[in-house]
Amino acid sequence: MNEGEDVDFRDRVRQSFERQQAMRTLSAELTRVEQAMVEIEMPFDVKLTQQHGILHAGVIAAGLDTACGYAAYTVIAPEASILTIEFKVNLMSPGRGERFLFRGEITKPGSTIIVADGRAYALGDGPAKLIASMSGSMMVIRGRQEFIG
C-alpha cells in the first residue's frame, strides 16, 4: 500500500454491506474484498426467478451494481461515499446455477467519477459460466451526512 492509503477499507466495506437490506433480502454475502475488487455470492432461490425459472435480470443487475459499487468504495477516502450514476448490463446466458458470483473491478479510479466493470457467473457442478457483464459509473460523494458509509 502507498503512504496515505486507507488500510481499513475492508472493514468499511464489510460494515456498509451489513447495512444493505437489498443484499440481505437476496441472501447475498460478501466473499472477497481487495483493493479495487469485490466479490459477492448468492445462492439460487426460486423466489428470485422470472417466468422461465432463471435468475431475474433485475437480480443480476442488483448483484453486479453492488459489487461494482463496493469495488469503488475500496478506492475512496474513508469520509467519502459512492452512488451509482449509470450502468449497462449485458445478459449473455440464462441465469441457471446453484450459486451466483458477482465480481466488480475498478477500470478507472477518479476523484469524482469512478468507472467499474462487473462480471456475473453461475456456479454449479462444472466450471463457472459467465452469464452477464456490466459497465458502470460511480460518483464519489463528499460532505453529505445522509450518505456516510
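Colleague: Is alanine 36 buried or partly exposed?
Modeller: This is a predicted model, and here alanine 36 sits in the loop between β1 and β2. Its phi is positive, about 70°, although it is not a glycine. Buried would mean under 20% relative accessible area. Alanine 36 has a relative accessible area of 22%, so the class is partly exposed.

Colleague: Thanks! Which other residue has a positive phi although it is not a glycine, and how is it classed by accessibility?
Modeller: Look at the loop between α2 (21-25) and β1, where serine 27 lies. Serine 27 has a positive phi of about 60°. Its relative accessibility is 42%, so serine 27 counts as partly exposed.

Colleague: What is the order of the strands in the open sheet?
Modeller: The sheet has six strands, with antiparallel pairing. Its edge strands, which each pair on one side only, are β1 (29-34) and β3. From one strand to the next the twist averages 20°. Reading across the sheet, the order is β1-β2-β4-β5-β6-β3.

Colleague: Within that sheet, which residue of β4 is the bridge partner of methionine 42?
Modeller: Start with the two strands: β2 (residues 37-43) and β4 (residues 99-108) pair in the antiparallel sense over seven bridges. In this pairing, isoleucine 40 stands opposite phenylalanine 102 in β4. For methionine 42, the bridge partner in β4 is phenylalanine 100.

Colleague: And what is the partner of phenylalanine 100 in β5?
Modeller: β4 and β5 form a hairpin, with four residues between them. The two strands run antiparallel and are joined by nine bridges. Across to β5, phenylalanine 100 has as its bridge partner alanine 122.

Colleague: Let's turn to the helices. Which strands does α1 touch?
Modeller: Helix α1 packs on the sheet, and its direction makes about 160° with that of β1. The strands it touches are β1 and β2.

Colleague: At what angle does α3 run to β4?
Modeller: Helix α3 lies across several strands, including β2, β3, β5 (113-123) and β6 (129-141). It lies across β4 too, and the angle to that strand is about 45°.

Colleague: Why is α3 described as largely enclosed by the rest of the structure?
Modeller: The helix has 17 residues and reaches 24 Å from its first C-alpha to its last, close to the 24 Å expected at 1.5 Å a residue. A residue is buried when its relative accessible area is under 20%. The helix is largely enclosed because the number of its 17 residues that are buried is 13.

Colleague: Which residues of α3 make the contact with α1?
Modeller: Helix α1 (residues 9-18) and helix α3 (residues 57-73) pack at an angle of about 145°, with axes 10 Å apart, and their crossing is right-handed. On the α1 side, the contact is made by Arg12, Val13, Ser16 and Phe17. By class, the contact has four nonpolar, two polar and one charged residues. On the α3 side, the residues are Thr66, Tyr70 and Tyr73.

Methods. Residues numbered from 1 in each chain as written. Predicted model: local features only at pLDDT ≥ 70, side-chain atom pairs only at ≥ 80, totals over all residues. Heavy atoms only, no water. Axes fitted to C-alpha atoms, helices over the stretch in contact; angles between N-to-C directions. Left-handed = near helix turned anticlockwise from the far one by under 90°. Contact = heavy atoms within 4.5 Å. Nonpolar A, V, L, I, M, F, W, Y, C, P; charged D, E, K, R; others polar. Expected span 1.5 Å × (residues − 1). Buried < 20%, exposed > 50% of the residue type's maximum accessible area, 1.4 Å probe, protein only. Pairing = 2+ DSSP bridges.
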